[in-house]
Amino acid sequence: MDIPADLKELSATLASIEAVVDVDALRREAGDLEQQASAPDLWDDLEHAQQVTSRLSFVQGEIRRVADLRRRVDDAQTLWDLAEEMDDADSRAEVETEVTALQGAVDQLEVRTLLSGEYDAREALLTIRSEAGGVDAADFAEMLLRMYARWAERHNYTIEALDTSYAEEAGIKSATIQVKAPYAYGTLSVEQGTHRLVRISPFDNQGRRQTSFVGVEVLPVVEQSDHVEIADDDIRVDVYRSSGKGGQGVNTTDSAVRITHLPTGIVVTCQNERSQIQNRASAMNVLQARLLERRREEEQSAMNALKDGSNSWGNQMRSYVLHPYQMVKDLRTDFEVGNPQAVLDGDIDGFIEAGIRWRRSS
């Protein structure tokens, strides 16, 4: 490693990030939000109060993230200079380890600056559906659900299961989860498309190779400012008894909710809460998100913004091969790794970062 050159490059990259993020503007915004948050009548308007405190927490986190990286880069430079002056091999090794960690952290922050879409800063609704491949597809869908849950866990993101439909033999027919983290939508939106699995089927008693497909849909969580109006006459609400691994009480009442949006034919279900009221509220949130996405796609189509059709459900975007060799490859970016188990355990940041850079350059 050329530590002096690496530190110089890290400092320059971080400086460009600081310019894009506009830390000074964030500090001014934080000061304004802090004044609003300290107002004695703040909580008279619960919705506004939540928006203010949520935004303040996010802005403070962004400032802290950039400031911490700048401090670490400066500290690494100081320690390197001392190590050279004192000819201290242990300190040199310590700086080398820190520089490697800093390169990963700065790369991640640089990717964040590429997320500038209208809804990129939102939380995400992620739906996984088994497609062609029978029981193997249902099993693969559950594998992907676990993959995203493990990815969220790695980043200390909270997820909430909104709906899970279990398949009869194994796996799931579909599942919808909400990823509660800033920029979750912008980050995960590159995961949308068709995922393919090739393996020796554990469900085939002849041990034959099976190819199965799963669709992943990613939507931004709707906020009050989005103005997605849904008239009562435009929806049909059906209630039914939950099925599957529901836990005590979930499967004993008609608490599951299915909402059909009659003008578009969009159907949303939610059955993971014990209360019908909670399930209906969650289902309405998902319906609003899908209607918002539909509106956004129509607007982009009118502006000829969808150049590559990357939001199409039919777009095959990643291949997971477990037999006859071991590889996971993104078919858009050509990013690949030879350790499928690590990927399925949630190590997908490389794919996400490559996807974000690819989308920005395409």
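Val257 stands opposite Cys270 in strand 8. Strand 7 (residues 256-261) and strand 8 (residues 266-270) run antiparallel and are joined by 5 bridges. Here strands are DSSP runs of E with at least two residues, helices are runs of H or I with at least four residues, and both are numbered from the N terminus. Two strands count as paired if DSSP finds at least two bridges between them. The model is a predicted one, in which local features need pLDDT of at least 70 and side-chain atom pairs count only at pLDDT 80 or more, while totals for chains, interfaces and linings use all residues. Residues are numbered from 1 along each chain as its sequence is written, and side-chain values use heavy atoms, with hydrogens and water left out.

Strands 7 and 8 form a hairpin with 4 residues between the strands, and Gly265 takes a positive phi near 80° there. Strand 7 also pairs with strand 6 (residues 235-240), through 6 bridges in an antiparallel arrangement. In that pairing Tyr240 stands opposite Ala256 of strand 7.

Strands of a sheet pair through backbone hydrogen bonds, either parallel or antiparallel. Strand 3 is antiparallel to strand 1 (residues 124-130), with 6 bridges between them, and antiparallel to strand 2, with 8 bridges. Thr176 of strand 3 takes part in pairing with both neighbours: Thr127 stands opposite Thr176, and Thr176 is also the bridge partner of Asp163. Because 7 of its 9 residues are buried, strand 3 is largely enclosed by the rest of the structure. Strands 2 and 3 form a hairpin with 5 residues between them, and Gly171 in the turn has a positive phi of about 75°. Strand 4 (residues 193-200) and strand 9 run parallel and share 5 bridges, with Leu197 paired to Tyr320 in strand 9.

Several loops hold backbone features to look for. Asn156, in the loop between helix 5 (134-154) and strand 2 (158-166), has a positive phi near 60° although it is not glycine. Asn156 is exposed, with a relative accessible area of 71%. Tyr183 also has a positive phi in a residue other than glycine, near 65°, and lies in the loop between strand 3 (172-180) and helix 6 (184-188). Tyr183 is buried, at 15% relative accessibility. The peptide bond from His323 to Pro324 is cis, with omega near 10°. Pro324 sits in the loop between strand 9 (316-321) and strand 10 (327-330).

Note on methods. Buried < 20%, exposed > 50% of the residue type's maximum accessible area, 1.4 Å probe, protein only.
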